Amino acid sequence: MAEHEITRLLNRWGEGDREALDELMPIVYSELKRIAAAYLRGERPNATLQVTALVHESYLRLIDYREPKFENRKHFYAVAAQAIRRILVEHARRRHALKRDHAVLPPDSGFVIQPGVDVLALDEALTSLAANAPEKAHIVELRYFAGLSISEVAEVTGTSPATVKRNWAVAKAWLFRALNAGAAG
Amino acid sequence: MNPRLKPEVEAAFAAALELPRSERTAFLAREYESRPELRTEVESLLRAYQDAGSFLEPDRPLHRSNSQWNPPILQTFRPKPGTPLGSYEIVGKIGEGGMGEVFRAHDTRLNRPVAIKFLHAEVADENARHRFQREAQAASSLNHPNILTLYEVGEFEGRQYLITEFIDGCNLREWARKTQPSVRQIAELLSGVAEALACAHNAGIIHRDVKPENILVSKNGYAKLVDFGLAKLMEPPDSSDIETRSRGRSATRPGVILGTVAYMSPEQAAGKSADRRSDIFAFGVVLYELLAGERPFTGKSDVDVMYAVLHKPPRPLAELRPDAPVELRVAVEKALEKEPGDRHQSMCEMAVDLRRVRQFARLDVTAAATTTRGRLRLLPRVAVAMLAAAMPAVWWFGYRGASSSIANPLANAQFTRLTDFPGTELDAAISQDGRFAVFLADRDGPFDIFLTQVGTGRFINLTQGSVPDLHGSLRGVGFSGDGSEIWFHQSIYSLPLRIMPLLGGTPRVLLGPPAQNVAWNHDGTQMIFHTLDPGDPMFVAGPSGGNPHKIFAARPDVHNHFPAWSPDGRWIYFSSGNPIVNEMDLWRISPTGGMPERLTRHNSYVAYPAPINNSTVLYVARDADGAGPWLWSLDVERKVSRRISFGLERYTSVAASGDGRRLVATVANPDAKLWSVPILDRLAGERDVKPYPLPSVRALMPRFGGDSLFYISSRGAGDGLWRYRNGEATEIWKGATGGLLEPPGVSADGRHVAFVVRRNGNLRLRMDTADGTDPRDLADSLAVRGAPCWSPDGKWIAIGGHDEKGDGLFKISVEGGTPVRLTSGPAANPAWSSDGTLIVYAGADVGGLPPLLAVRPDGTRAEWPPITVQRDGERIRFLPSGSGLIYMQGEGSAQDFWMLDLATKSTRRLAHLTDATMFMRTFDVTPDGKQIVFDRLRENSDIALIDLPR
């Protein structure tokens with residue numbers, strides 16, 4: 001799909017057309033997957049993937065740089081974050097199936113977001129968080145999978161940084177507890 | 001278990017977080033004393049929060065400013081102020097190249113936009129970095145409007161960067177997609193790129209990665225070549241070119257790999273090193289792709305593409321972009337030669353070729369005062385291609401001072417290519433009802449007569465080799481008056497003119513020799529033909545040739561060819577004049593006889609008059625300098641002619657249906673090369689003929705002199721005289737002011753040349769040094785004929801011609817002065833013996849077979865054995881040793897070389913050459929006397945069907 005097509009879809013999504021997101025998701029997903037795959041295969045052995053870099057690359061490739069619209073970027077990142085999450089989860093599932101143990105991505109896989117994070121468990125916990133606190137789950141997605149800062153998240157979600165900060169803290173605590181249920185009391 | 005988040009839990013949590021850690025428990029105990037479950041939950045969360053630490057916190061390695069929302073992209077590269085990059089404000093990322101990322105930035109010091117390219121971090125090797133710096137420094141020394149200016153080079157956080165000028169535009173691929181450019185636009189844009197490459201090559205820099213992505217086109221139409229020499233930097237020192245070109249960059253992007261391989265030259269694909277000619281090849285690929293709309297070398301995988309690059313020829317551009325002028329097609333195909341030695345040897349040659357296309361295209365546009373900007377679309381790949389040409393409907397032009405307009409009969413005409421045969425088609429004729437066309441073609445071997453029913457795309461070979469020697473200079477095939485039969489005449493003029501049924505069958509004699517070129521009037525009641533007796537008398541006869549009576553005969557030296565009837569039968573048009581020196585024009589005469597009337601004033605080659613109505617006659621004619629032939633239209637009443645074909649396509653024949661609404665024309669693109677045959681003790685044949693290697697793609701009229709070979713490189717309008725010496729070919733004279741019509745004469749030491757040009761409507765002699773540095777006109781009073789030759793001592797030039805006293809052979813001193821008459825009577829094409837005692841020349845041309853005569857330099861006649869040679873072209877050369885004379889004999893398909901032993905006066909045949917697809921004109925003998933080098937012109941043509949609008 002051509003770049004301007006994607007911009008158009010993002011515009012539509014920005015205007016509230018939910019179906020546009022459905023159309024967009026697979027594209028972003030496949031685009032990110034392609035990039036990620038290169039990293040995952042270790043073809044850039046010295047580069048540690050920054051999620052941000054991943055998202056930036058995909059953003060560039062999908063959006064015509066000459067017409068940056070804030071809404072588009074905002075929505076793009078939301079989509080990208082979800083997409084990356086799905087990629088990581090898929091990847092983790094595959095490795096989990098092979099390794100049959102902790103679905104942790106080893107640091108030398110070239111696709112390090114944060115060593116030691118059980119991606120599959122996180123995904124599960126995030127899903128259940130989204131069930132009763134979707135805006136918090138969204139913030140986690142944007143921060144963890146798309147690497148946005150507090151103020152960036154604030155801009156993307158249209159809320160104040162203070163609110164974002166607060167929500168983030170709660171979500172982080174809740175998720176940590178969920179992932180370490182055995183350990184904590 | 002992880003209970004759901006409740007709002008009160010959140011609120012308590014948030015409130016507690018704002019307190020210092022030590023105070024939290026107390027706060028909770030106080031505020032939520034009555035809600036123990038809540039307290040437990042909040043405390044649990046608080047504990048989790050503390051334990052989490054930097055859990056899920058995104059990794060932010062680079063410093064960023066807090067001031068505003070910058071797109072995260074800025075975070076990746078944020079140079080610190082005070083550093084070399086510090087004065088640049090990054091605006092945004094322009095894109096991802098094969099080697100790195102490109103950003104647009106603002107130079108805050110000089111207040112201008114720049115582009116910053118960061119190379120991938122993989123180029124971190126120490127050696128690579130040094131090479132990069134060196135190469136970049138070299139590239140920065142290139143100063144050319146079509147090369148992207150490099151401002152700075154450096155390193156930032158382990159990554160090399162380049163700062164260049166910023167181009168607001170797109171790359172060549174996108175430009176082509178958006179503008180769908182015309183041939184002229186392509187030539188114009190790419191000539192700049194060619195010049196850029198030439199400039200770089202002169203500075204010793206090879207680009208190595210010429211491709212559309214590396215050519216930027218700014219919004220105001222300027223082309224900029226980028227990424228010079230960077231391809232080399234991506235190599236580790238010991239890897240082969242294939243690997244690096246195919247894998248070194250962007251292995252993550254599959255599409256890029258394939259694209260790069262498509263521009264690789266054969267030597268690179270084979271793993272050899274690249275030189276400037278590899279750039280030329282890649283440039284040719286780009287040019288081809290722009291013109292054709294597809295790549296010359298394609299395949300499903302890298303390997304397939306590389307195979308095609310190495311072994312497969314590209315589809316001829318003539319099929320994919322017929323509107324591209326011949327010169328351009330030749331230039332592209334030359335650049336795509338597999339052998340580097342066969343390509344242009346320097347980018348300057350290509351730049352010159354492109355500039356010429358620009359000029360000619362511009363000429364065509366300005367020639368017509370009103371132009372419609374119709375763009376020629378890319379053709380679909382079918383055997384019959386539709387070519388809609390937008391022609392101006394009306395022109396204004398001047399004719400001898402008067403200004404008038406003439407309607408262009410080709411306006412809104414529809415062009416269709418009738419044949420897709422390889423090889424040559426000639427002499428097309430169309431039946432009166434426009435349903436059938438007949439022509440000569442060499443598709444199946446020597447020339448045969450082919451018939452087609454228009455629109456069926458099917459062709460029948462009517463003669464299948466049973467009729468030899470069909471290819472001649474007169475009209476050789478046509479339809480009978482009632483359209484049921486086809487007449488034909490072989491080029492051996494002593495044979496009768498025969499006729500056969502439309503769909504083949506046994507031919508019968510229609511007219512006995514020397515009758516030529518029969519044409520019936522529109523109602524089929526009368527025919528006209530001419531013979532080859534002196535003055536080419538013209539006869540009108542009944543439909544089957546009965547009761548012929550002569551209506552006209554010209555002066556003995558004048559010829560009348562191509563008779564054609566006007567639709568109302570009141571006039572017969574014909575071409576008359578002296579075809580030897582290409583001085584002809586269209587005339588008309590009443591079928592009842594009387595004085596013929598001159599209609600045109602070309603004084604050049606004029607042929608194939610095809611009336612389309614009672615007031616308009618189409619025909620083909622060459623320019624004064626020999627260029628063409630082009631298609632012309634004559635307004636009979638006003639006696640005003642206008643060229644109606646554009647571009648460099650040559651029209652070698654045209655014919656019209658009875659209602660004048662449908663035309664067939666042969667459009668030619670001749671191929672001229674030099675060949676050699678050795679002088680052996682035995683008779684040599686075609687198998688001994690070998691191509692004579694020359695850097696020029698086309699070559700005619702070879703002449704040896706000293707250590708050089710001179711020849712004409714024929715390129716349509718504008719022939720040039722070239723000199724080949726020590727493996728290098730240079731153009732020493734450009735026929736801009738007049739084409740080269742005859743072979744040059746070269747002095748024995750090779751230091752001077754003499755040639756014939758057209759000046760003031762007459763053919764004149766001109767002299768120059770072999771470097772082209774001292775051109776001089778000689779013998780102003782002499783209207784020359786044929787080619788000149790030098791005396792062995794280099795003091796005289798002999799040539800045929802006529803002055804106020806009449807025809808003759810003359811000698812002219814190189815110092816200048818009045819020509820000295822040597823003989824009286826028609827004379828042409830002298831050859832001077834190497835001992836200087838004898839000049840042999842062709843005498844009066846009677847019936848196409850002039851005798852060889854000899855004269856001494858003092859003008860006294862010399863004895864000479866009776867030998868005749870054919871009229872066209874130079875036919876005699878002395879052996880360098882002086883012991884013999886080589887001459888060419890034979891008409892039709894037999895073109896034999898003979899030698900006359902000057903001592904014994906005996907003759908023997910040296911070579912019997914039978915390739916009838918090619919037409920031999922001129923030859924010379926190599927200085928060692930061992931080989932004959934000759935030119936062969938192969939017509940390479942198509943037949944166009946032109947439907948005129950109602």
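Colleague: What's the strand order in the open sheet of 4 strands with β13 in chain B?

Modeller: The order is β13-β14-β15-β16 (chain B), and the pairing is antiparallel. Strands here are DSSP runs (E, at least two residues), helices are runs of H or I with at least four residues, and both are numbered from the N terminus. Two strands pair if DSSP finds at least two bridges between them. Before we go on, this is a predicted model: local features need pLDDT of at least 70, side-chain atom pairs count only at pLDDT 80 or more, and totals for chains, interfaces and linings use all residues. Residues are numbered from 1 along each chain as its sequence is written, chains are lettered from A and ligands numbered from 1 in the order written, and side-chain values use heavy atoms, with hydrogens and water left out.

Colleague: Which strands are at the edges of that sheet?

Modeller: β13 (425-430) and β16 (459-461) of chain B, each pairing on one side only. On average, neighbouring strands in this sheet are turned by 25° against each other, direction ignored.

Colleague: How many bridges join β13(B) to β14?

Modeller: There are 4, and β14 (residues 436-441) of chain B runs antiparallel to β13(B). B:Ala429 stands opposite B:Val438 in β14(B).

Colleague: OK, and what's the order in the open sheet with β25?

Modeller: That one goes β25-β26-β27-β28 in chain B, with antiparallel pairing. β25 (559-565) and β28 (597-598) of chain B each have a single partner strand, so one side of each has no neighbour in the sheet. B:Asn578 has B:Glu583 in β27(B) as its bridge partner.

Colleague: Switching to helices: at what angle do α8 of chain A and α1 of chain B cross?

Modeller: Roughly 105°, with the axes of α8 (residues 161-179) of chain A and α1 (residues 7-17) of chain B coming within 10 Å. The axes are lines fitted to C-alpha atoms over the stretch in contact, and angles run from 0 to 180 degrees between N-to-C directions. α8(A) and α1(B) are therefore roughly perpendicular. The cut-offs are under 35 degrees for roughly parallel, over 145 for roughly antiparallel, 65 to 115 for roughly perpendicular, and oblique for the rest.

Colleague: Which residues meet there?

Modeller: A:Arg166, A:Asn167, A:Ala169, A:Val170 and A:Ala173 from α8(A) meet B:Glu10, B:Phe13, B:Ala14 and B:Leu17 from α1(B).

Colleague: And how do α6 and α7 of chain A pack?

Modeller: α6 (residues 134-145) and α7 (residues 150-157) of chain A pack at about 130°, with axes 10 Å apart. That makes α6(A) and α7(A) oblique to each other. The residues in contact (heavy atoms within 4.5 Å) include A:Ile139 and A:Leu142 of α6(A) and A:Val153 and A:Val156 of α7(A).

Colleague: How confident is the predictor in chain A, then?

Modeller: Mean pLDDT, the predictor's confidence in each residue from 0 to 100, is 68 for chain A, and 48% of its residues reach 70 or more.

Colleague: What about chain B's average?

Modeller: Chain B averages 78, with 79% of the residues scoring at least 70. Residues 362-405 of chain B stay under 50, though the model has 91 contacts beyond four places in sequence for them. Where pLDDT is low, the predicted coordinates should not be read in detail.

Colleague: And what are the ipTM and pTM?

Modeller: The model scores ipTM 0.73 and pTM 0.37.
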